[in-house]
Amino acid sequence: MTDLKNILITGCSSGIGLDAAKTLNKRGYRVFASVRQEKDVAQLKSAGLESLVLDLSCQTSIEQGLNYVLDKTGNKLDFLFNNGAFGQPGAIEDMPTEILRQQFETNVFGWHHLTRLVVKVMRQQGFGRIVQNSSVLGFVCMPYRGAYNASKYAIEGLTDTLRLELADTPIKVSLLEPGPITSNFRKTSTVKFKQHIQWQQSVHKHQYELQLERLQKKGAANRFTLEPEAVTRCLIHALESENPKVRYKITFPTRLFSFLKRILTSRSLDRLLQKG
Ligand SMILES: NC(=O)c1ccc[n+]([C@@H]2O[C@H](COP(=O)([O-])OP(=O)(O)OC[C@H]3O[C@@H](n4cnc5c(N)ncnc54)[C@H](OP(=O)(O)O)[C@@H]3O)[C@@H](O)[C@H]2O)c1
């Protein structure tokens with residue numbers, strides 16, 4: 001890259017956000033690697049990154065985080081990578097509404113609040129790109145992932161709408177749709193599951209036990225799992241290409257389910273997805 005472009009990335013303590021921050025930093029971007037918890041700021045700074053706290057579940061924290069960045073850049077932000085999120089597993093009937101609300105607070109409302117503020121800045125400067133880290137679960141559903149599915153479907157809906165509304169501006173918006181990627185995601189999901197779902201009293205108890213067993217045996221990986229670099233490569237295309245794609249389908253399962261969704265009836269697709 002010729003001139004130094006700045007980017008704000010959310011959720012950089014691990015996984016995809018961390019890889020994106022390090023890679024873009026090496027590539028010459030000015031990266032603002034934001035994290036939910038203060039304790040991670042020092043760690044990122046020691047890795048040579050500019051870091052700040054931005055908790056997506058708190059509007060004040062979002063505003064303070066963005067203001068910090070804008071102060072440093074003279075009110076400019078070239079790119080935003082909305083990435084920070086978590087998965088709250090559990091059957092719909094076992095999911096307290098307050099827990100579903102918490103899932104949306106971070107994965108949807110936090111992204112929306114930050115994006116609104118950033119769009120204002122990008123309109124003023126006459127340039128900008130926003131990349132949303134969605135998921136294969138943003139267009140197909142799996143049992144026991146209802147809260148997370150709903151949050152990613154919401155992101156897909158909001159993003160598709162935003163793209164239409166920004167069509168006559170120089171601001172471009174892309175969606176990344178990863179399938180399984182190595183990260184802390186499953187570990188955090190398991191903690192959230194045990195914390196918030198009364199699974200031992202559930203009619204789904206047996207299914208939960210099987211799933212917990214599977215997670216313990218195999219950890220995060222299956223043979224289709226890719227490393228975070230696979231996502232960062234698509235992020236770079238979305239940031240640098242003259243014609244960024246609307247959607248980046250990352251991993252084989254994403255491409256497969258995208259194809260199956262087009263050719264199968266809803267019932268046939270359900271039969272496949274029920275297997276989890
Ligand atoms: N891994 C996959 O298989 C996969 C597949 C498709 C899509 N994705 C998407 O990829 C993105 C990154 O996930 P990952 O796989 O890299 O998982 P990860 O390693 O668990 O990283 C998630 C990041 O989001 C942060 N986060 C959680 N709640 C937040 C909040 N309230 N405010 C700000 N940051 C918050 C986490 O911070 P803490 O460490 O402080 O909790 C962490 O830095 C997510 O949007 C996820 O939905 C992941």
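Predicted model: local features only at pLDDT ≥ 70, side-chain atom pairs only at ≥ 80, totals over all residues.
Residues are numbered from 1 along each chain as its sequence is written.

**Exercise 1.** Determine the strand order of the open sheet and state which strands stand at its edges.

*Solution.* Step 1: helices (H or I, at least four residues) and strands (E, at least two) are DSSP runs, numbered from the N terminus. Two strands pair if DSSP finds at least two bridges between them.
Step 1: the open sheet has seven strands in the order E3-E2-E1-E4-E5-E6-E7, with parallel pairing.
Step 2: strand E3 (50–53) and strand E7 (247–250) each have a single partner strand, so one side of each is left without a neighbour in the sheet.
Step 3: within the sheet, strand E1 (residues 6–9) and strand E2 (residues 30–35) run parallel and are joined by four bridges; Leu8 has Phe32 as its bridge partner in E2.

**Exercise 2.** Classify Lys172 as buried or exposed, and describe its surroundings.

*Solution.* Step 1: a residue is buried if 20 or more other C-beta atoms lie within 10 Å of its own, exposed if 12 or fewer, and partly exposed in between, with C-beta atoms placed from the backbone.
Step 1: Lys172 counts as buried because it has 22 C-beta neighbours inside 10 Å. Lys172 belongs to strand E6 (residues 171–178).
Step 2: two residues are in contact if their C-beta atoms, placed from the backbone, lie within 7 Å. Not counting residues up to four places away in sequence, Lys172 touches Arg129 and Pro244.

**Exercise 3.** Identify the residues with the most contacts inside the largest nonpolar core.

*Solution.* Step 1: a nonpolar core is a set of buried Ala, Val, Leu, Ile, Met, Phe, Trp, Tyr and Cys residues joined through C-beta atoms within 7 Å.
Step 1: the largest such core has 45 residues, and Ile7, Ile9 and Leu235 have the most contacts inside it.
Step 2: leaving aside neighbours within four places in sequence, Leu235 is in contact with Ala20, Phe81, Val131 and Leu176.

**Exercise 4.** State how many residues surround the ligand and which are the closest.

*Solution.* Step 1: a residue is near a molecule if its C-beta atom, placed from the backbone, lies within 6 Å of it.
Step 1: 27 residues surround the ligand, the closest being Gly11, Gly15, Gly84, Ala85 and Ser183.
Step 2: helix H1 (15–26) and helix H6 (185–196) are the elements that give two or more residues to this shell; H1 contributes the largest share, three residues.
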